[in-house]
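Have a look at the model first.

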Amino acid sequence: MIDSSRRWAEPDRKPSYAGLPSFGEEPWSEDPADLEGVDVAIVGAPFDWLATDRPGSREGPRAIRVASRPAGPEVGTGIDATERLRLLDYGDAPVVPFEVEMSRAAIEATVGEVVAADAIPFTLGGDHSITLPALRACAKRHGKLGLVHFDTHTDTAAETYLHTDNHGTMMRALVEEDHVDPARYAQVGLRGTWPEPEVFAWQAEMGIAHFTAEDVRRQGIDDIVRAAIAIAGQGPCYLSVDIDVLDPAFAGPTGTPEAGGLESRELVAAARAVGEALDLVGADLVEVVPGGWGTADPAAVTAAGVVTATLTGIAARRPGREA
């Protein structure tokens with residue numbers, strides 16, 4: 001295990017631009033033995049071979065790590081996630097360019113190591129198709145899952161560009177594979193002109209709930225998130241966040257941007273609420289296409305904030321731990 005802050009122990013103040021870019025400057029390890037006692041492990045999935053529009057989210061995990069900040073007491077809640085959770089950056093799944101099935105198997109296996117250690121995997125994508133192997137790994141351990149899904153798009157199409165396997169179809173596959181309970185599945189932030197009406201008809205038939213960005217505008221993010229949490233209900237749940245749920249003003253260079261999305265503060269608050277209310281056994285954040293480096297990239301900064309807010313929510317469910 002590598003302590004990315006060890007050399008700065010004496011001044012007790014490490015600048016964010018120095019040292020190993022682990023998420024939140026947490027310890028880094030690729031050894032499954034170091035997962036013992038860990039509550040949440042960050043896993044990178046630098047894979048974007050199945051994006052239909054803008055590529056580049058393979059750079060997302062690194063960008064989010066560089067943009068992240070060490071945890072501390074959150075101003076709004078006073079909760080320091082690191083005081084209640086043992087966190088570890090578990091590195092990246094060993095994906096290989098052009099090799100879809102090999103990379104998918106690598107993501108599932110790496111996330112599966114975290115799950116086998118009774119830790120919560122938080123996977124950083126990558127295009128949204130990485131949810132397929134990541135959630136599969138969680139469902140194999142915990143059974144059929146509830147799902148809260150923040151996105152511009154449903155990602156439940158039967159096919160996109162005549163292909164059934166891409167970042168617009170994987171949520172349908174997860175339902176059809178019986179890994180996601182459609183009655184406990186809520187989508188938040190939908191907008192734009194895709195998918196087609198028959199996809200929404202299929203969702204209605206399956207019992208999948210959705211809330212549009214216009215619903216958020218009219219009703220407010222707090223009410224919408226409460227409704228999504230109620231749908232996901234009791235039992236093991238998964239959280240999936242596509243950064244394109246945000247308006248392009250906050251996350252322009254993403255896989256498939258659409259005008260009229262959520263604001264960053266709405267998404268951060270929503271992630272915290274979901275983390276606190278639900279029994280999360282896995283989560284991911286996807287489709288960050290870096291447009292700058294480190295804190296110069298708004299999408300990566302927001303993505304890191306969403307991860308941290310989710311961790312704060314998870315921490316709020318747990319008592320403090322001994323050092």
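**Pockets, cavities and cysteines**

The largest pocket has 25 residues in its lining, with Asp-3, Ser-5, Gly-24, Glu-25 and Glu-26 nearest its centre. A pocket here is an open set of points on a 1 Å grid over the protein atoms alone, with protein on both sides within 12 Å along at least five of seven lines, and lining residues have an atom within 4 Å of a point. Keep in mind that this is a predicted model: local features need pLDDT of at least 70, side-chain atom pairs count only at pLDDT 80 or more, and totals for chains, interfaces and linings use all residues. Numbering runs from 1 along each chain as its sequence is written, and side-chain values use heavy atoms, leaving out hydrogens and water.

**Largest pocket**
- Its volume is about 520 Å³, meaning the space filled by probe spheres set on the points, which are joined across faces, edges and corners.
- The lining splits into 12 charged, 10 nonpolar and three polar residues.

**Cavities**
- Two cavities (sets of points where a 1.4 Å probe fits but cannot get out) reach 30 Å³ or more.
- The largest cavity, about 50 Å³, has Arg-69, Thr-308 and Leu-311 among its lining residues.
- For the second largest cavity, helix H3 (residues 100-116) gives the largest share of the lining, four residues.

**Cysteines**
- There are zero disulfides, a disulfide being a pair of cysteine sulfur atoms within 2.5 Å.

Methods:
Ala, Val, Leu, Ile, Met, Phe, Trp, Tyr, Cys and Pro count as nonpolar, Asp, Glu, Lys and Arg as charged, and the others, Gly among them, as polar. Helices (H or I, at least four residues) and strands (E, at least two) are DSSP runs, numbered from the N terminus.
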